[in-house]
Each structure stands twice: as structure tokens, then as C-alpha cells.
Amino acid sequence: MVPGRLKIGKVVTVFKKGDHSLPTNYQPLCLRSIFDKLLEKLMYKRLYDFLIMNKILYEYQFGFRKNHFTTLALIDVIDDIYYSLDHNETVVGIYLDLQKAVDCVNHDILLYKMYNYGVRDVAYKWLANYLTDRKQYTCMKDASSTLSNVNCGSVLGPLLFLVYVNDIASAVPDSKLKLFADDTNLFISGIDEAKLRNKCSTCLAALNSWFIANRLCINLDKTNVMIFPSNKKKTLRSHLMENLLPK
């Protein structure tokens, strides 16, 4: 089990630029015990090796993985788009952004998924304990806040998030979904515009249901649509932006 003191983080602020009186101009950094970091790195390696060995992670998840880079994601997307264009198909790219995705991870859902992926017995109990009663406090100059509960914010955090969103592609099995951590990019292609619109609406409804079930929320202000080729852009884009999420 993880000792309680190793679950406490100290948050310090680093000034970025601009007005010193605005909290948004400071970058928070969470400092944790070196022993906690070493323990988490050991568990990270064991968990990552287990996920890779059993081919559990989604093939097109390019975030926080060895030999998976943004350039590879870009090349893969461009190849798919050119292939569709060569076959006279229109391609719709929908770029979904999640609101505070890592902070919204539900531990009960995460542990349920970990168990189903084969993390059992001692490893499961360790993770359950590790995710419980994690706290942090903030320091500025000579002042310190009281302790508050936090979701994760640790070495293991990014890998646990990949496990949390790993099954998202099952919501749209007939479409091409590309992921980079919490950035979700959906690509849908077709020749008939009416059928393409219907497929986009169906996929968005399915994804929205998945987000709701997993207690995640889409940030509409940062969600965008792109149409290839550009001469189809006007009518399709207006339809998609008006019906981006089911009412």
C-alpha cells in the first residue's frame, strides 16, 4: 500500500508574464516526494509493459507512448485523407476537445476498466489504494493553504488516462478515430453528401453517449470541423456545426 504522506503534493506557482495580480499569469507546479516518484515510476513501467505485451492500448492512440509521435499521427491522417480523395470521397474531420479531461477521470470507472483489462489481485489493490485520499496544498511566499483532495496529478496520471479512454473507439467501430491523449479526432468519408451527414450525426451521437457514460464533457468552443476537399466545405460545415452534438 502507498503511505499517506507520499500522497500529499505541494503546489508552488511560477510567474509566466503579464500582470502579477492575475492568478491566470501563474503556472502551478506540484512537487511530490522523491520516494513517491520512484515508486510511481516502477509501477508505471510494470503497467506499461503489461499493456504493451497484451496489446491492450488502442492502435491509434499516439499520446504518452514510446515510438508514437505527433508526426506519425499526422502522416497517418494525411495518408487516409489522400486515399479517400483519390476515390472521389469527401472527408469530414471533426476535432473534439475535452474539458479538463484528466481532472474529470472517475476512479471507480477507471478501476473497473483496469480490472477488465487484467489488472487484478495485488496490483489492483495497490492502484485502488494509490488513487484514494490523494491531497495537495498550495504555497505562496510564506502562506500555505489547507489540504484539498485531488484526482491524480502524478507520474502515473497520463498512463492511467490512456487506459480510461482506451475503449472510446468501440463507440464508433466503423469510423476512423485518431487520439493523442485527450485530443479526439474523428474522420468520416463518403461520396453521397446526405449519407455522409447522417453518418457524422450518428457517430457524434455515439461519441456523446460514450462521453456521458464516462463522465467527460466536450469543450464546444475548442471543437472544430474541417472538410476535404474545400469546395464541399460550406454546406457540410454549416450542417455539422449546427448539429455538432445531439440536443
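A: Start with one residue pair. I94 stands opposite V225, a residue of β9. The model is a predicted one. Strand β3 covers residues 90-96. Its pairing with β9 is antiparallel and runs over 5 bridges.

Now widen the view to the sheet. β3 and β9 belong to an open sheet of 4 strands. The order is β7-β8-β3-β9, and the pairing is antiparallel. Two strands form the edges: β7, residues 176-180, and β9, residues 224-228. Each of these edge strands pairs on one side only. From one strand to the next, the twist averages 15°.

Next come the helices. Helix α2 spans residues 70-86 and packs on the sheet. Its contacts reach β3, β7, β8 and β9, with β8 covering residues 183-190. The direction of α2 makes about 160° with that of β7.

Helix α6 takes up residues 193-213. This helix lies across β3, β7 and β8. Relative to β8, α6 runs at about 155°.

Is A205 buried, partly exposed or exposed? Its relative accessibility is 26%, so A205 counts as partly exposed. The buried class ends at 20% and the exposed class begins over 50%, so a value in between is partly exposed.

Conventions. Residues are numbered from 1 along each chain as its sequence is written. This is a predicted model: local features need pLDDT of at least 70, side-chain atom pairs count only at pLDDT 80 or more; totals for chains, interfaces and linings use all residues. Side-chain values use heavy atoms; hydrogens and water are left out. Two strands pair if DSSP finds at least two bridges between them. Axes are lines fitted to C-alpha atoms, for helices over the stretch in contact, and angles run from 0 to 180 degrees between N-to-C directions. Contact means heavy atoms within 4.5 Å. Buried means under 20% relative accessible area, exposed over 50%, partly exposed in between (1.4 Å probe, protein chains only).
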